[in-house]
Amino acid sequence: MSDEFMLDTDDLERRMEGAMANLKTEFASLRTGRASGSMLEPVMVDAYGSMTPINQVGTVNVPEPRMVTINVWDKSLVGKVEKAIRESGLGINPQLNGTIIMLPIPELNEERRRELTKVAGSYAENARVSVRNVRRDGMDQIKKAKSDGDVSEDDQKFWEAEVQELTDKMIKMVDEALETKQAEIMQV
């Protein structure tokens, strides 16, 4: 290999892992049949004039497998938190008990489970596209170095194989995460 060209594969891997981390966050927000505090992460509350994550206005707990509770710290925000949950599209009906909001997680029907597996599939496809975009950036760097004369034909093939191997590894991880999530959603 020539000393002049060094592809930053660590940077490419870090960017691909960022796509993977984003996918895991999106998967966590998908409802399965079980309660999870992370399903409330995308919900924002209009608190004190700005949109605030729900975990910054109260304590989110999962006291039992099919129940999430939110202990709202400021009594004046209870109504706003309840409204934010109703409008979030989670399909959960909040119940008030003083400053505590209880969210019973209903059993998912077969049709809703199928819809959620499709949503999970689209999240995974977005992650694959992100990984492929990083791959394309890496390949472009290699081609530019080749056209500038910084890399030989053999080195170009070596670096392209390295980038492709990294891409294949990440795509496989995305597919495995999708399979796991779909199995979790379809589990009754």
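**Close-up views of a predicted model**

Figure 1. Strands β4 (residues 67-72) and β6 run antiparallel and are joined by five bridges. Within this pairing, Thr69 has Met102 of β6 as its bridge partner. Strand β5 (residues 95-97) is also antiparallel to β6, with three bridges joining the two. Here Gln95 is the residue whose bridge partner in β6 is Met102.

Figure 2. The hairpin of β5 and β6, and the two faces of β6. Two residues lie between β5 and β6 in this hairpin. Gly98, located in the turn, has a positive phi of about 70°. Which residues of β6 (residues 100-104) form its covered face? They are Ile101 and Leu103, whereas Ile100, Met102 and Pro104 make up the uncovered face.

Figure 3. Is Glu82 buried or exposed? Its relative accessible area is 15%, which is under the 20% limit, so Glu82 counts as buried. The side chains of Glu82 and Arg86 are joined by a polar contact of 2.7 Å. When neighbours within four places in sequence are left aside, Glu82 is in contact with Pro94, Leu96 and Ile101. Of these, Ile101 belongs to the covered face of β6.

Figure 4. The largest nonpolar core and the contacts of Ile85. This core has 21 residues, and those touching the most other members are Leu40, Ile54, Ile70, Val81, Ile85, Ile101 and Leu103. At least two residues of the core are supplied by each of β1 (44-47), β4, α2 and β6. Helix α2 gives the largest share, namely four residues. Neighbours within four places in sequence aside, Ile85 is in contact with Val43, Ile54, Ile70, Ile92, Pro94, Ile101 and Leu103. Another core, of 16 residues, lies apart from this one and includes Phe5, Ala19, Val163 and Met170.

Figure 5. Helix α1 and its buried residues. Helix α1 (residues 9-29) has 21 residues, and at 1.5 Å a residue it should span 30 Å. The C-alpha atoms at its ends are 31 Å apart, which agrees with that expectation. The buried residues of α1 are Leu12, Met16, Ala19, Met20, Leu23, Phe27 and Ser29. Among the elements that cover them are α3 and α4 (153-186).

Figure 6. Arg135 in helix α3. Helix α3 extends over residues 110-147 and contains Arg135. With a relative accessible area of 27%, Arg135 is partly exposed, because this value lies between the limits of 20% and 50%. Which residues does Arg135 contact, leaving aside its neighbours within four places in sequence? They are Met16, Val163, Gln164 and Thr167. Of these, Met16 is one of the buried residues of α1, and Val163 is among the members of the core of 16 residues. Tyr123 and Arg135 are 12 residues apart along the chain, and 19 Å separate their C-alpha atoms.

Figure 7. The two domains of the protein chain. Domain 1 is made of two segments, 9-30 and 109-187, while domain 2 covers 37-104. Taken over C-alpha atoms, the centres of domain 1 and domain 2 are separated by 33 Å. Where the domains meet, four residues of domain 1 are in contact with six residues of domain 2.

Notes:
Residues numbered from 1 in each chain as written. Predicted model: local features only at pLDDT ≥ 70, side-chain atom pairs only at ≥ 80, totals over all residues. Heavy atoms only, no water. Buried < 20%, exposed > 50% of the residue type's maximum accessible area, 1.4 Å probe, protein only. Polar contact = N/O pair within 3.5 Å; in protein donor to acceptor, adjacent residues only side chain to side chain. Contact = heavy atoms within 4.5 Å. Pairing = 2+ DSSP bridges. Core = buried A, V, L, I, M, F, W, Y, C linked by side-chain atoms within 4.5 Å. Expected span 1.5 Å × (residues − 1). Domains from an automatic or database assignment.
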